[in-house]
Amino acid sequence: MQDLLNVKIIPQLKDNYSYIVVNKNLHSAIIIDPSEASPIINFIKENNLNIEAILITHHHNDHTSGINDIITFQKTEVFSPNSNINNTTRLVKDGEKVPSNFTNFKVLSTPGHTLDHVVYYDKQNKILFSGDTLFRFGCGRIFEGNYKQMHNSLEKIKGLSNYTNVYCGHEYTIHNLNFLSSIFKDFEPLGKIKDKILDQIKKFDSSMPFNLGEEKVLNPFLSLESIYFKDFMKNKDFDSLGMFQYLRDLRNNY
Ligand SMILES: [Fe+2]
């Protein structure tokens with residue numbers, strides 16, 4: 001039954017993503033972070049799906065504004081980490097499982113971007129919805145938490161299986177790669193990677209999903225100790241957290 005599960009990518013607003021996890025056999029769907037309801041509702045209608053749940057990663061409006069219209073169209077449970085998020089029916093906490101007929105999502109608390117931020121990880125189906133915590137070749141801005149919290153949250157994600165397919169909250173991939181080129185001038189594979197991703201975006205209109213194992217080597221926000229960044233680390237008198245802070249600040253101003 002597992003091979004019947006797939007993830008539909010729904011571009012939203014300027015550069016947001018919502019996602020719909022679908023089991024065609026059961027006609028079931030789980031929606032992640034809806035901002036614009038109409039393309040999601042259209043997809044649900046066209047494919048004759050029942051919405052099993054809506055999962056929310058954090059309270060920012062660009063991840064929640066579609067909830068109301070979707071539950072008006074079809075009533076469903078709304079799992080979120082914050083009771084201030086309108087229409088929340090189930091408040092989720094770190095380590096909890098999301099009850100489902102076709103997925104095995106576990107909630108992982110990842111404060112930093114916001115204090116309430118969680119990600120949803122299905123180890124069995126190799127899926128991570130990372131919201132605005134981990135981006136491809138980057139990470140979220142720290143709005144509510146502190147550097148240490150964000151660093152710990154990324155460490156937590158780093159502990160997940162290399163075989164995970166990651167779906168994040170924004171299409172920032174090329175901008176993140178350009179930032180890396182400007183900082184890590186000796187990071188050789190970067191040109192080739194960028195060409196590959198531009199190709200992917202041309203074909204699929206998206207650089208999602210991405211492989212977590214690769215990300216652990218190529219994304220300095222996740223692994224400053226990987227081979228590409230080691231030398232850069234050596235020249236700075238920082239520990240891992242200090243380095244993360246230095247890099248995050250540079251990215252804020254890029
Ligand atoms: Fe956000």
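Val21 stands opposite Ile30 in strand 3, and Ile30 in turn stands opposite Ala53 in strand 4. The model is predicted, with local features requiring pLDDT of at least 70 and side-chain atom pairs counting only at pLDDT 80 or more, while totals for chains, interfaces and linings use all residues. Numbering starts from 1 along each chain as its sequence is written.

Helices (H or I, at least four residues) and strands (E, at least two) are DSSP runs numbered from the N terminus; two strands pair if DSSP finds at least two bridges between them. The pairings are as follows.

| Strands | Sense | Bridges |
|---|---|---|
| strand 2 (residues 16-23) and strand 3 | antiparallel | five |
| strand 3 and strand 4 (residues 50-55) | parallel | five |
| strand 7 (residues 106-109) and strand 8 | antiparallel | four |
| strand 8 and strand 9 (residues 127-131) | antiparallel | three |

Four of the five residues of strand 3 (residues 28-32) are buried, so strand 3 is largely enclosed by the rest of the structure. A residue is buried if 20 or more other C-beta atoms, placed from the backbone, lie within 10 Å of its own. Strands 2 and 3 form a hairpin with four residues between them, and His27 in the turn has a positive phi of about 55°. Strand 3, helix 1 (residues 37-46) and strand 4 make a right-handed β-α-β unit: with the strands pointing away from the viewer, the path from the first strand over the helix to the second runs clockwise.

In strand 8 (residues 118-122), five of the five residues are buried, so this strand is also largely enclosed by the rest of the structure. Val118, Tyr120 and Asp122 point one way, and Val119 and Tyr121 the other. Tyr120 is the bridge partner of Val107, and Asp122 that of Ile127. Strands 8 and 9 form a hairpin with four residues between them, where Lys126 in the turn has a positive phi of about 60°.

Definitions and conventions. A residue is buried if 20 or more other C-beta atoms lie within 10 Å of its own, exposed if 12 or fewer, and partly exposed in between; C-beta atoms are placed from the backbone.
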